[in-house]
Amino acid sequence: MLAGFLRALRTLCPDARLTANIPFPLAAVRARTPEVDWQPYELSLRQQNIQSCDAWLGLGGSPFQSALSRWFIDHLIAEAEICRAAGKPMYFLGVGVQSAHELDVPEVRQLCGQAAAIWTRDSASAARLRKLPEIGPVEAAADLAHIFFQQTPPPRALAGRVTLVANFDYGAWTGRDACLRAVDQLDPAARVWLAQESRELPGAEITLHAALPDLERSKWRLVSPDVDGAPLSDVLGRWPSGEWLITSRFHAAIAGAWAGSKVVVVGINEKLRSIARDLNAPLIEPDADESTVLQALRSARPSPLPVALFQQAWQSCEGIVRSAVAPAR
């Protein structure tokens, strides 16, 4: 998503300067995206950057969710207070709303009301935001990853291969065995267990692969293409696209569509349901039975829609440049 935004910005506003303060190690992100001035997550630096900027931008993701933790909402509230004190406009670009309930939080409503404009990554998120009693302009668009994939697509889908990206947000995959039995029915030539997340987190790909019974695990080749600091183009070069892709990760679904895979989306949250609609891909629940999964696999077709979604994403970047950059010039 960030790579897509940076590609658009290089064309639309090549002299723009970006700063970001993050509470994570800086070396890898500085190596991967040197276009951004990555700085430590210190209050004095955040205040200084906001006071000297033309606009504050909340970029991508699902920033308003608080079901698992309040930390990011608290971060945004602090940022909003700094912006208000400094008189700086706040924008959100390429963001999603996981559920209508997260917009019931008073602080979230305050954040959305303070935003000068919001561009979402799907139409459902825009519809939810527009129902708020106090809200500025909200435009429905598409995820900014489409901009990156349009120029740097993954390798083309390999015939006969099933690629599986299994992540369940620190939880269990209740339909695992049924899904794997459905894959057996396809009798694929190759099976790849793709770890988009390279860390061994509970409920994520590497941990779920390790928990497979020995015989089942032997059928699946574990591939983790990410390397800290490596350019995303290098990572994508190692992306094992399959004729079929079963995924419970949002951006893996987008990558699969650009690779020409027959994508089946596991709907563990609203953003997965939204991307299934956007790609016209079959959607299954995490506890789907074998026949349901098999029907989804057999009905899946390569998506004809990524180019149109790229255009929507690009237009949202044009919108933020017009709104946030042009007035400052």
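**Close-up views of a predicted model**

**View A. Strand 3 and strand 4 run side by side.** Strand 3 and strand 4 (residues 90-95) are parallel and joined by four bridges. This, like every view here, comes from a predicted model. Pick out leucine 57 and look across to strand 4: its bridge partner there is tyrosine 91. The two strands belong to an open sheet of four strands, paired in parallel in the order 3-4-5-6. Strand 3 (56-59) and strand 6 (138-140) are the edges, each pairing on one side only. From one strand to the next, the twist averages 15°. As a reminder, strands of a sheet pair through backbone hydrogen bonds, either parallel or antiparallel.

**View B. Strand 5 is covered on both faces.** Ala117 and Trp119 sit on one side of strand 5, Ile118 and Thr120 on the other, and all are buried. On the strand 4 side, four bridges hold the parallel pair together, and leucine 93 stands opposite tryptophan 119. To get from strand 4 to strand 5, the chain goes through helix 5 (residues 106-114), making a right-handed β-α-β crossover.

**View C. Strand 5 also pairs with strand 6.** Here the parallel strands share three bridges. Tryptophan 119 turns up again, this time with glutamate 139 in strand 6 as its bridge partner. The chain passes through helix 6 on its way from strand 5 to strand 6, and this β-α-β crossover is right-handed too.

**View D. Helix 6 packs on the sheet.** Which strands does helix 6 (residues 123-130) touch? The helix is in contact with strand 4, strand 5 (117-120) and strand 6. Its direction makes about 160° with that of strand 6.

**View E. Helix 12 is mostly covered.** Of the 10 residues in helix 12 (residues 250-259), nine are buried. Among them are Phe250, Ile254 and Trp258, along with Gly256 and several alanines, including Ala252 and Ala253.

**View F. Helix 1 packs against helix 15.** Helix 1 (residues 2-12) and helix 15 meet at an angle of about 55°, and their axes are 10 Å apart. The two helices are therefore oblique to each other, and their crossing is right-handed. On the helix 1 side, the contact residues are Phe5, Arg7, Ala8, Leu9, Thr11 and Leu12. They meet Phe310, Trp314, Cys317, Glu318, Ile320 and Val321 in helix 15.

**View G. Aspartate 187 has a positive phi.** Its phi is near 55°, a positive value in a residue other than glycine. Look for aspartate 187 in the loop between helix 8 (176-186) and strand 8 (190-194). Is aspartate 187 buried or exposed? With a relative accessible area of 62%, aspartate 187 is exposed.

**View H. Asparagine 280 has a positive phi as well.** Although asparagine 280 is not a glycine, its phi is positive, at about 55°. This residue lies in the loop between helix 13 (270-279) and strand 12 (283-284). Asparagine 280 counts as exposed because its relative accessibility is 61%, and exposed here means over 50%.

Terms used: Residues numbered from 1 in each chain as written. Predicted model: local features only at pLDDT ≥ 70, side-chain atom pairs only at ≥ 80, totals over all residues. Heavy atoms only, no water. Pairing = 2+ DSSP bridges. Axes fitted to C-alpha atoms, helices over the stretch in contact; angles between N-to-C directions. Contact = heavy atoms within 4.5 Å. Buried < 20%, exposed > 50% of the residue type's maximum accessible area, 1.4 Å probe, protein only. Right-handed = clockwise from strand over helix to strand, strands pointing away. Parallel < 35°, antiparallel > 145°, perpendicular 65-115°, else oblique. Left-handed = near helix turned anticlockwise from the far one by under 90°.
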